[in-house]
Amino acid sequence: MDFQPLLLTFKLATITSLILLVVSLPIAYWLAFAKFKGRGVVEAIIGMPLVLPPSVIGFYLLLAFSPSYWFGNFIESIFGLRLVFSFSGLVIASVLYSLPFMVYPIRAGLQSLPASLREASYTLGKNEWDTFFKVLLPNCKPALLTAFVLTFAHTVGEFGVVLMIGGNIPGVTKVASVAIYNEVEALNYPAANQYAMVLFAVTFLILLVVYSVNNSLLRVRQSS
Amino acid sequence: MRWLSLLLFLFFAGCDKPSDKIIIATAANVQYVMKEIQQEFEKESGKKIQIVVGSSGKLTTQIREGAPFDVFVSADVKYPQEIFEKGGGAEKPKVYALGTLVLWSKDIAENDLTTDVLTTEKVKKIAVPNPKVAPYGEAAIQVLAAKNLLKTIEKKLVYGESIAQTAQYITSGSAEAGFNALSIVLSDEMKGKGHYVIIDSTLYKPIQQAAILLKHSDDSPKKAGSEAFYQFLYSQKAKAIFRKYGYK
Amino acid sequence: MEVSLGLGAGSILALTGPSGAGKTTLLRQIAGLAKPEFGRITFKNSIWLDTEKTLNLPTQQRNIGFVFQDYALFPNMSVRENLAFALSKNDNTEIVDELLAETELTQLASRRPFQLSGGQQQRVALTRALVRKPDLLLLDEPFTALDYQMRYQLQNLLLRFQQHYHFTAILVTHDMGEIFRLAQKVAVMENGKLVNVGSPAEVFLGKATPESQFDIYGEVLSVEKQNDGLLVHVLINHKISILNLPLEMLDQLSPGKKFLLQHNLGAPDIRLFDAD
């Protein structure tokens with residue numbers, strides 16, 4: 001079996017999840033606590049990947065990344081980088097596509113904390129930054145873990161978007177889900193089965209670990 | 001009570017009984033031609049047919065799993081042959097047309113559009129249908145190998161999942177150039193989008209496109225109609241339509 | 001809300017009134033956790049809030065301590081870490097050990113909040129609020145959730161701290177005993193307005209008249225005929241007692257019925273006891 005598509009999949013999922021973690025923290029914080037008009041609009045935009053078919057996102061990204069259109073042209077002329085058919089392009093697409101899977105659990109985790117924790121920190125002279133990183137985040141670890149793993153798993157399972165903008169290049173954009181699809185197309189079922197089994201087993205293991213860890217975290221909290 | 005019966009009526013009306021309509025499983029690259037062939041056939045025979053489009057590989061898988069298709073119009077010989085060997089066909093597959101490979105680009109003009117331009121800086125990405133599953137992709141690789149270009153431009157190749165997606169890569173400008181089927185370039189949907197040149201057909205093995213009449217039980221109501229369509233596919237009338245779309 | 005209130009430095013003010021009167025809101029506005037539509041808050045020589053000048057000092061700069069009803073201890077930190085969290089970068093850490101020793105929390109210093117009892121948690125919360133040596137300590141019904149003994153101990157602790165650190169304190173409470181024990185001044189709020197301000201004695205004792213009668217409320221548990229009277233079991237002050245009542249009351253008495261017993265106070269027998 002060719003392990004390259006699997007390795008590529010996990011590399012993509014890891015990088016995407018790490019980037020999303022950094023990007024989503026301020027967004028989740030902002031959505032959880034900021035008071036502003038037009039919140040519905042922002043939430044709707046972030047939630048779009050949940051409901052839009054991946055082919056829609058893939059189609060628009062294909063156009064956006066193409067050097068014939070202004071965004072792709074801009075990136076190519078400034079950075080000399082072509083996003084379509086590249087690993088960086090896949091990372092950007094995955095970040096957009098998995099955004100709600102990171103933002104929503106973190107936001108829910110933050111909102112489930114009693115408001116008095118945040119306020120107590122303020123009355124102890126701490127600014128929002130310290131309050132966020134030293135009080136709020138450490139107390140919603142289960143939510144962070146859930147968010148990270150959902151994002152990771154969602155990126156592993158990504159197919160439609162990659163198919164649209166990836167170009168199926170071995171070692172660059174040919175991830176496991178696409179490899180499975182190709183093998184099925186070529187009527188090579190044993191190979192498809194091998195990839196599928198690995199994905200199946202790995203995702204099951206990841207989710208198993210997460211739920212076990214989360215349950216034990218909750219048990220410690222409730223054991224008082 | 002009356003409301004209930006009306007509701008039940010609507011419910012059952014929505015659930016069609018197994019249709020008598022003949023279903024033609026059609027490879028993506030023939031889909032535009034098939035529309036015209038369908039019109040001709042329906043006019044001539046008075047029978048209605050339905051067209052299902054997919055990649056040859058996917059359709060083959062579906063047929064093997066018992067999809068209710070009557071005729072399979074494939075993009076190559078390999079897939080119908082596979083079905084025939086597994087006992088799914090009424091008779092051996094037959095070639096209905098030969099495909100023509102073109103080099104296609106959104107921005108590069110016909111005069112400059114040769115296989116040599118692919119090695120230049122102008123072309124950063126070259127779109128090719130996935131050679132593992134698409135006969136036009138296989139042919140494109142044969143052409144590049146024959147011209148001794150494969151090694152130099154291998155890094156530029158990107159693979160479309162189907163002939164249609166490859167066309168999308170080319171017409172959106174994501175790839176500066178690419179290989180495709182003449183039938184796609186000449187279709188109403190793609191006409192006038194960019195520039196193309198026909199590739200010397202001696203550089204690749206003929207792209208034989210075959211169809212197969214799928215097995216029916218003797219008492220199947222669709223048997224006669226399916227046979228009629230299968231015959232029509234090889235008629236002079238159909239051949240003329242195929243030629244119009246760049247097939248030989 | 002309409003409130004105008006001055007408070008002498010170094011004293012304790014009790015804020016009381018029915019729930020929904022706006023006591024907690026007022027406390028949060030003083031802390032800067034909530035913003036009033038209009039108003040001015042000054043403390044010593046600094047202006048904390050002046051809506052006319054659109055001035056609103058953030059909570060962090062108001063040098064206050066705040067004790068929450070739900071303790072608001074940080075679950076991810078030990079007792080010591082909870083206290084140390086209040087320190088600024090250049091602060092001397094000795095104050096933490098000093099306070100731990102003073103409140104007998106040294107033994108519990110490495111425990112997490114969920115490993116402590118409610119009383120211990122509130123002791124930590126009160127102590128934590130003093131790490132920054134605030135000028136003003138705000139307490140939002142801090143001892144309501146605790147039993148009588150715990151409450152008494154924590155009230156003592158608060159008094160001790162106040163004598164030691166000389167902060168000014170505002171305490172939201174419903175507990176009349178607490179008001180008299182702790183506060184030099186009491187403010188009664190109703191529907192967002194101050195209705196009465198003064199010393200606890202002025203506010204509450206002025207209206208009191210010497211009484212020879214006590215009202216005792218009770219609930220009927222069971223009724224039994226006995227001879228020519230009724231033997232009635234009743235619940236008074238969480239205790240079951242027996243009353244002998246005349247037979248003609250039979251129709252009016254049934255289990256669950258509430259009653260008022262007026263009792264003459266002839267020669268009161270008073271026994272004092274200590275909570276600790």
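**A helix pair in chain B**

Reply: In this predicted model, helix 2 of chain B brings B:Met34, B:Ile37, B:Glu40, B:Phe41 and B:Glu44 against B:Gly225, B:Ala228, B:Phe229, B:Phe232 and B:Leu233 of helix 9 of chain B. Sorted by class, the residues in the contact of helix 2 of chain B with helix 9 of chain B are seven nonpolar, one polar and two charged.

The geometry of such a pair is given by two quantities, the angle between the helix axes and the distance between them. Here helix 2 of chain B covers residues 31-45 and helix 9 of chain B covers residues 223-233; their axes come within 11 Å and cross at roughly 120 degrees. Angles of 65 to 115 degrees count as roughly perpendicular and those over 145 as roughly antiparallel, so helix 2 of chain B and helix 9 of chain B are oblique to each other. The crossing of helix 2 of chain B with helix 9 of chain B is right-handed.

Chain B also meets chain A: 27 residues of chain A are in contact with 26 residues of chain B. Between them, chain A and chain B bury about 2,100 Å², with 51% of it on carbon and sulfur atoms. Of the area that chain A buries against chain B, 28% comes from A:Phe85, A:Glu185 and A:Leu187, more than from any other three residues.

Chain C has an open sheet of three strands in the order 2-3-4, with antiparallel pairing. Four bridges join strand 2 of chain C to strand 3 (residues 46-50) of chain C, and C:Ile41 lies opposite C:Leu49 of strand 3 of chain C.

Definitions and conventions: Residues are numbered from 1 along each chain as its sequence is written. Chains are lettered from A and ligands numbered from 1 in the order in which they are written. This is a predicted model: local features need pLDDT of at least 70, side-chain atom pairs count only at pLDDT 80 or more; totals for chains, interfaces and linings use all residues. Side-chain values use heavy atoms; hydrogens and water are left out. Two strands pair if DSSP finds at least two bridges between them. Helices (H or I, at least four residues) and strands (E, at least two) are DSSP runs, numbered from the N terminus. Axes are lines fitted to C-alpha atoms, for helices over the stretch in contact, and angles run from 0 to 180 degrees between N-to-C directions. Angles under 35 degrees count as roughly parallel, over 145 as roughly antiparallel, 65 to 115 as roughly perpendicular and the rest as oblique. A crossing is left-handed if the near helix is turned anticlockwise from the far one by less than a right angle, and right-handed if clockwise. Contact means heavy atoms within 4.5 Å. Ala, Val, Leu, Ile, Met, Phe, Trp, Tyr, Cys and Pro count as nonpolar, Asp, Glu, Lys and Arg as charged, and the others, Gly among them, as polar. Buried area is the accessible area (1.4 Å probe) that two parts lose on being put together, summed over both.
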